[in-house]
Amino acid sequence: MKIAIPVNDKSLENGVCQSFGRAPYFLIHDIESKENTFLNNSAALSRGGAGVKAAQMIADNEVDALLTPRCGDNAAGILKVAKIKLYKTEGDSIEDNIKAFNEGKLSPLMDIHPGLHDHGGR
Amino acid sequence: MKIAVLSGKGGTGKTLLSVNMAVIGENTTYIDCDVEEPNGHLFLKPKEVIKEKVAVKIPVVDMGLCNGCQKCVEFCKFNALAYINNKLMVFDNICHSCGGCVLVCPEKALTEKDKIIGEVQKGVSQGINVLSGILNIGEASGIPIIDKLLGEEPKNSQKTIIDCPPGSACIVMESIKDADYCVLIAEPTVFGVHNLSMVYELVKLFNKPHSVILNKCLDGKNPAEEFCIENNIKILDKIPFDSELGTLNSNALIAARESPKYKKMFSEIFKKIIEEAQHEAAVNP
């Protein structure tokens, strides 16, 4: 089973990124082998639709769950079709969130925001 | 003759100047290109309004023809397409209707359908043709509405005032592209100067003859005036900071219709603008 987390850096030290679509990197963590892979998020610098492109990337990497502080509705729509479960991260620590996920302590992400396209979701 | 009124930031007096010029000229047309928040109609209160919807094209996929090559997904700079679980998903709300995905699809699985994004409204206010565009909330771009609006300008209009959106983005470029003359209106703040400098760059880029009107002028230092002097930009006139004018305007009244004093003031400004525009047309045809 693989999980994805938007992260600030290509390391476990610099925390979970507060944005999903515009996170600079994604950590792909394999629960069984404990192997970590960092992906450059090519959507981070998109003019628009970063959430869509990032979600496509997460889906293409065949992860089973996404741990993220927030997620927009376009991206959430893609992740739903791709059958990727969404969990809400707690705090900034990447390792604490992986641990909490393994212990079944993370809640599903329910508050999907309307997206930041349309200049702030007006 | 088409006169565009623009400013970097909102609230500097584009609509104030535009509606007052519209009522002073004869046989004028007022076009409100600020389609995200049109307000000129609140002042001009047009009658006999005719509404017409504006649609853009968005892609529709025939999954029977789609082979999953994802060329459309890779092509879309706005990321309006995703291919998940052997299914192409289209995100209408971020599609910019460029039609590129339809062109790149090797299987001809994509076609286009109409999507209404807003409307244009045409009416008359005491002999002035009033055109307004309204973009529906949440749509990606007002450009198709501005394009439609500018195409609706009556042939017999002698003077057309284009009330532009704030800023210097694509919708402003679309609004000024056919203008004969650009009037930049600025307020005396540092923020105002920053935004004035952006529209100044824009009109230079478009090679449009232009000048500045300084609004809300107070005694003392005026950063916008200093910017114009430093950059050798013509200052055509100054409108004082005036609570009577502000009060009329905030009650959706057109000052030039309400008081001879303001009629005189805006007539003089309008005359200078027309003279400048005619002069430019003669010197740089």
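## A salt bridge across chain B

In this predicted model, the side chains of E52(B) and K148(B) form a salt bridge, with N and O 2.8 Å apart. E52(B) sits in strand 3 (residues 47-61) of chain B and K148(B) in helix 5 (residues 143-151) of chain B, so the bridge ties together parts that are 96 residues apart in sequence. E52(B) is partly exposed, at a relative accessible area of 32%. K148(B) is also partly exposed, at 25%.

The side chains of K57(B) and D114(B) meet at 2.9 Å, N to O. K57(B) belongs to strand 3 of chain B and D114(B) to strand 6 (residues 110-125) of chain B, so this pair links parts 57 residues apart in sequence. K57(B) is partly exposed, with a relative accessible area of 40%. D114(B) is exposed, at 52%.

The side chains of K264(B) and E268(B) form a salt bridge at 3.4 Å, N to O. Both residues lie in helix 11 (residues 260-283) of chain B, four residues apart, or about one turn of the helix. K264(B) is exposed, with a relative accessible area of 55%. E268(B) counts as partly exposed, at 40%.

Shared partners join E52(B), K122(B), K148(B) and E152(B) into one salt-bridge network. Over all chains, the structure holds 21 salt bridges.

## Chain B as a whole

Chain B has eleven helices and eleven strands. Its C-alpha atoms fill a box of roughly 70 × 45 × 40 Å along the principal axes. Of the 285 residues in chain B, 49% are buried. Among contacts in chain B between residues at least 6 apart in sequence, 73% join residues at least 24 apart.

## Two domains in chain B

Chain B divides into domain 1 (2-54 + 120-283) and domain 2 (56-116). Seven residues of domain 1 of chain B and six residues of domain 2 of chain B make the contact. The domain centres, taken over C-alpha atoms, are 38 Å apart.

Together the two domains of chain B bury about 550 Å², with 58% of that on carbon and sulfur atoms. V54(B), E139(B) and A140(B) supply 58% of the area that domain 1 of chain B buries against domain 2 of chain B, more than any other three residues. One salt bridge is found across this interface. K115(B) forms a salt bridge with E139(B), and their closest N and O atoms are 2.9 Å apart. On the side of domain 1 of chain B that touches domain 2 of chain B, three residues are nonpolar, two polar and two charged.

## Where chain B meets chain A

In the interface between the chains, 18 residues of chain B contact 19 residues of chain A. Chain B and chain A bury about 1500 Å² between them, 54% of it on carbon and sulfur atoms. Six residue pairs are in polar contact between chain B and chain A. Strand 4 (residues 81-84) of chain B gives the largest share of the side of chain B that touches chain A, four residues. By class, that side of chain B has ten nonpolar, five polar and three charged residues.

## Helix 1 of chain A

Helix 1 (residues 50-60) of chain A is mostly covered, with eight of its eleven residues buried. Among them are V52(A), M57(A) and I58(A). The buried residues of helix 1 of chain A pack against strands 1, 2 and 3 and helix 2 of chain A, together with helix 3 (71-75) and strand 4 of chain B. Just after helix 1 of chain A, E62(A) takes a positive phi of about 50°.

Notes. Residues are numbered from 1 along each chain as its sequence is written. Chains are lettered from A and ligands numbered from 1 in the order in which they are written. This is a predicted model: local features need pLDDT of at least 70, side-chain atom pairs count only at pLDDT 80 or more; totals for chains, interfaces and linings use all residues. Side-chain values use heavy atoms; hydrogens and water are left out. Domain bounds come from an automatic or database domain assignment. Contact means heavy atoms within 4.5 Å. Buried area is the accessible area (1.4 Å probe) that two parts lose on being put together, summed over both. A salt bridge is a side-chain nitrogen of Lys or Arg within 4 Å of a carboxyl oxygen of Asp or Glu. Ala, Val, Leu, Ile, Met, Phe, Trp, Tyr, Cys and Pro count as nonpolar, Asp, Glu, Lys and Arg as charged, and the others, Gly among them, as polar. A polar contact is a pair of N or O atoms within 3.5 Å; within protein, one must be able to donate a hydrogen and the other to accept it, and residues adjacent in sequence count only if both atoms are side-chain atoms. Helices (H or I, at least four residues) and strands (E, at least two) are DSSP runs, numbered from the N terminus. Buried means under 20% relative accessible area, exposed over 50%, partly exposed in between (1.4 Å probe, protein chains only).
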